Amino acid sequence: MRMSFPFAAITTIAGLFAGTARADAIDDAIERMMQSRQVPGLAVVVVKDGKIVREKGYGVANVELGVPVTPDTVFQVASTGKTFTAALVLLLEKDGKLKLDDPVSRYLDNTPPAWAGITIRHLLTHTSGLGDPYTKIDLRKDYTDEELIALEASMPLLFSPGERFAYSNAGYHLLGFIAKRVGGKFFGDQLEERIFAPLGMKTAGVISESDIVPGRAAGYERIDGRLQNQRWVAPSLNRTADGTIQLSARDLARWSMALDGDTILDARAREASWTPARLNDGSSGPYGLGWYVGTRNGHRVVQHGGAWQGFKASLERYPDDRLTVVVLANSAAARQGKIAELIAAHYVPALAVPRAPAIADLDPAGTARARKAMGELLAGQIPEGLSASERGRYNQRWVTQIAAEFRDFGPLRTVEVLARSSEGNGKQARYRFLFENETVLVALHQDPKGLIERLGISLE
């Protein structure tokens, strides 16, 4: 017999363990967002002024068993794990086993001539020009290190190293292989010895489907409005350094607290981690060494999110406000970043993100271009007119996933223009697409030739 598990039942189970009376507005907001997105479970930990001030589980870690989430529930944290990979590379640099400006060819065999200008720093900052390997990787196949390197070496560079920022999981794959070469053992074992064990992070480790992991959550996807178990991937793809760590929200908070001092990284390494990369033209990218770096309402924020196999993660640090927010969820549909923003504003009201007002549309042709690109995505098609780097990001696998999620948003009601500018390097615009059930923010950047250099999509 086939049975679906209605979300009403999930929230009922959550109520049994957490209580139905919600005096805290943050709890109410989190539960509303979970229900609207069919998110089974979520864990939150907040650190303020060096102390944990909130730690709580919501919903269930396993829908089939009805097991409640706690702050010690183990979640996959996907690309949030890049913060650990980058830290390990910095520790190996401190040991004198590598230098950030060394070419990667010094540590990897049989690299192609096109990689001659790529350094370890380029890999750390996503400025190498490497594309997305998951456009070619077969998720059902086990790869050796050498096979993955060869696959990634076969892909043309999107641009010259250091020319621009383009997020690349391939770069972090290579960092894991380099760490293994110079450190003498698997990168995960080095993380255990140098970070996890010293900090008492007992739930932290590289994903293993075969190991018995107490408190491990199951991951879920929402496909055509229906909750389903995460898709299986080959074990070797859960042992790469681009984001295959699993741990609890409480242990991720321990990692953030350690970064307030010199326990793992010294002041020089932390400053380097949170300094935006300098590009060839002298401008700065949005990423440091393993962290996104920016500001929110004038407040400094360093953060990383992640999504993989039915899990979402967000780690946000506001160093000047001495605030950290950790949000882990076991659903690919979770809005972990939005929840983290709401929680941050609860503790520091100045971090509240105002809703951008609409402006007059003085470029209807530009708006039509944005509508066309979004329409193609809704139809499961790669948008026309993308630059080479954006074609690398918008591969068919990802576009199909986007289209599947957008089907739950309902019909498009209207499009609002939020910002528009023209510069020597092209035109930029931001839009708000209001669907019946969801609001999507779209950023469109066209180069002087009219190619779409950047098509950014996020939920408001």
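Author: Happy to. Let's begin at the hairpin of β11 and β12, where 4 residues lie between the strands and arginine 322 takes a positive phi near 55°. Please keep in mind that this is a predicted model.

β11 and strand β12, which covers residues 323-329, run antiparallel and are joined by 7 bridges. One of these pairings sets tyrosine 318 against its bridge partner in β12, leucine 323.

Now follow β11 itself. How many of the residues of β11 are buried? The count is 8 of the 8, so β11 is largely enclosed by the rest of the structure. Both of its faces are covered: Phe311, Ala313, Leu315 and Arg317 are buried on one side, and Lys312, Ser314, Glu316 and Tyr318 are buried on the other. For the cut-off behind that word, buried means under 20% relative accessible area.

On its other pairing, β11 (residues 311-318) meets strand β10 (residues 299-308), again in the antiparallel sense and over 7 bridges. Two places let you line them up by eye. Histidine 304 has leucine 315 of β11 as its bridge partner, and glycine 306 stands opposite alanine 313 in β11. These strands also form a hairpin, with 2 residues between β10 and β11, and glutamine 309 in the turn has a positive phi of about 55°.

Lysine 372 is 66 residues from glycine 306 in sequence, and the two are 28 Å apart in space, C-alpha to C-alpha. Lysine 372 belongs to helix α11, residues 364-378. With a relative accessible area of 42%, lysine 372 is partly exposed, because that class lies between the 20% limit for buried and the 50% limit for exposed.

The strands β1 and β12 run antiparallel and are joined by 7 bridges, and leucine 42 has alanine 329 as its bridge partner in β12. Strand β1 (residues 41-48) is mostly covered, with 8 of its 8 residues buried. Gly41, Ala43, Val45 and Val47 point one way from β1, while Leu42, Val44, Val46 and Lys48 point the other way, and all are buried.

One more step takes us to strand β2, residues 51-62, which pairs with β1 in the antiparallel sense over 8 bridges. Lysine 48 stands opposite lysine 51 in β2. The hairpin of β1 and β2 has 2 residues between the strands, and there aspartate 49 takes a positive phi near 55°.

The strands belong to an open sheet of 7, in the order β3-β2-β1-β12-β11-β10-β9, with antiparallel pairing. At the edges are β3 (67-68) and β9 (292-296), each of which pairs on one side only.

Helix α3 is mostly covered, with 11 of its 13 residues buried, among them Phe84, Leu88 and Leu92. Just after α3, glycine 96 takes a positive phi of about 80°.

How values were computed:
Residues are numbered from 1 along each chain as its sequence is written. This is a predicted model: local features need pLDDT of at least 70, side-chain atom pairs count only at pLDDT 80 or more; totals for chains, interfaces and linings use all residues. Side-chain values use heavy atoms; hydrogens and water are left out. Two strands pair if DSSP finds at least two bridges between them. Buried means under 20% relative accessible area, exposed over 50%, partly exposed in between (1.4 Å probe, protein chains only).
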